[in-house]
Amino acid sequence: MMVNIHGLVGMKKILLIPDNTQSHLPVHFCEQLEAEGYAVAAPGNQTLAEPDDVNMHQPDVLLMEVLEGHYTECYQLCRMLKDNQTTENIPILLLGTDGNGNHTSVHYLLEGLHAGANDYLQCPYEMPELIGKIQAALRLKASMEKAQVLADELQNLNEELYQRNLLVEKEFYVARQLQQSLLPPIIQTHTGVHDDPTYTKVHFQNEKLRISGIYLPCDSLGGDLYDVLKFQDQGVGVSITDVSGHGLPAGFITAIFKTVLYRVTQQTQDPSEVLYRINNELYDIVKTGDYVTSIYLHIDFNTMALECSGAGHPYPYHYQAQTGEIHRLRQNGTPLVWVPDMPYPKDVVQLAPGDKVYLFTDGVSELKNPNDEMYGEDRLEQTIKDAIDQHVSYITDHIINALSDYTEGAALADDISMVMIEAL
């Protein structure tokens, strides 16, 4: 007696497809399977030619009798079942016979494996062996179903991660735009040549001074910042800053630094006092373990005296047009945020027409080539000398191109910022 496998809970369901031309299944075959605890259904004379016909029975295992010489339609069904998403995980066991109840050639059963069947058993069918193969098939199905569940979960997690990444990228883009807005505005100038600078733009120019700068972050958000502050007709302040680290924390600290810088420079333009006050304010605000290096200088338009003070930052280069020599402004204190109430000494130099001052972050001098060799400050000084007679924007462009050649176009490992000042 065949059991209706629909509605049976907890029993593994076997769909048996005997050969319609000449079945050689043993007597009581189905009863023996049912005695082992399986629910068995057979379509009788009904032809199962499509995956939907099989899936209608919702079997856990499909047993398919294959008579030698009459297996074309059987193997065609195997292929269709494995190509159908609703039936691809149903294990298929082939029951092979030569039509006389004897063992037959194995090659046509192996062809069935190529068609999508999972295993086979030859006539006469030993029930213990068949049960073992059914159990193995059920374990395979369970593993495939578990793998599918995990694959679906992974796909859902990947989709969720993708959407989250899109949101993060959007937020970083907005943050990047905001950080770019912290840089001083660009002004239009006439350089006297036909081709404009590629990278560097002019941020300040009057009859006595021209200032150009560039910022190249290595990540979506960087920790470098430079600024040009105009104090009516009294003079101009220039700041360049490097926050330890990269990414969102460094970006936040640069924004805080600029806010504090603007407030402090409304009270004093003395570089030593500016850095002293900024250090104390940042010390009370920044609790992330980061620190800040910085240079702040002020140029008086009336005297063209340049006052410069540093906080753990690379020393600026000063080119004197009269002598053709380059020297460094070396008055420097500890980085900001390390210790409160730190004094910061300052250099005072007199600018003459043609003099140039170059400020930079350590991402420039510490840039490495494919051989892991740093560009270095000596090489940087020579690069400046090679283009020192040019417009300030072209000098910084020349440096950028030299750095790119040195690294052979590799991605930046650190932010790069530089500012070039020229006395006119």
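Reply: Contact means heavy atoms within 4.5 Å. Among the contacts in the protein chain with a separation of 6 or more, 70% are between residues 24 or more positions apart. This is a predicted model, in which local features need pLDDT of at least 70 and side-chain atom pairs count only at pLDDT 80 or more, while totals for chains, interfaces and linings use all residues. Residues are numbered from 1 along each chain as its sequence is written, and side-chain values use heavy atoms, with hydrogens and water left out.

Me: Why is Cys78 called buried?

Reply: Buried means under 20% relative accessible area, exposed over 50% and partly exposed in between (1.4 Å probe, protein chains only). Cys78 has 0% relative accessibility and therefore counts as buried. Cys123, at 5%, also counts as buried. Of the 424 residues of the protein chain, 47% count as buried.

Me: What makes Tyr317 and Tyr358 a tilted aromatic pair?

Reply: Rings of Phe, Tyr and Trp (its six-membered ring) pair if their centres lie within 6.5 Å; planes under 30 degrees apart count as stacked, over 60 as edge-to-face and the rest as tilted. Tyr317 and Tyr358 are 6.2 Å apart centre to centre, with 45 degrees between the planes, so the pair is tilted. Tyr317 lies in strand 12 (residues 317-320) and Tyr358 in strand 16, 41 residues apart. Both Tyr317 and Tyr358 are buried. Ring pairs join Tyr317, Tyr358 and Phe360 in a cluster. The whole structure has 7 aromatic pairs.

Me: What makes strand 16 and strand 17 a pair?

Reply: Helices (H or I, at least four residues) and strands (E, at least two) are DSSP runs, numbered from the N terminus. Two strands pair if DSSP finds at least two bridges between them. Strand 16 (residues 356-360) and strand 17 (residues 416-423) run antiparallel and are joined by 5 bridges, so they pair. Tyr358 has Met420 in strand 17 as its bridge partner.

Me: Why are strand 6 and strand 13 called edge strands?

Reply: The open sheet has 6 strands in the order 6-7-17-16-12-13, with antiparallel pairing. Strand 6 (201-205) and strand 13 (325-328) each pair on one side only.
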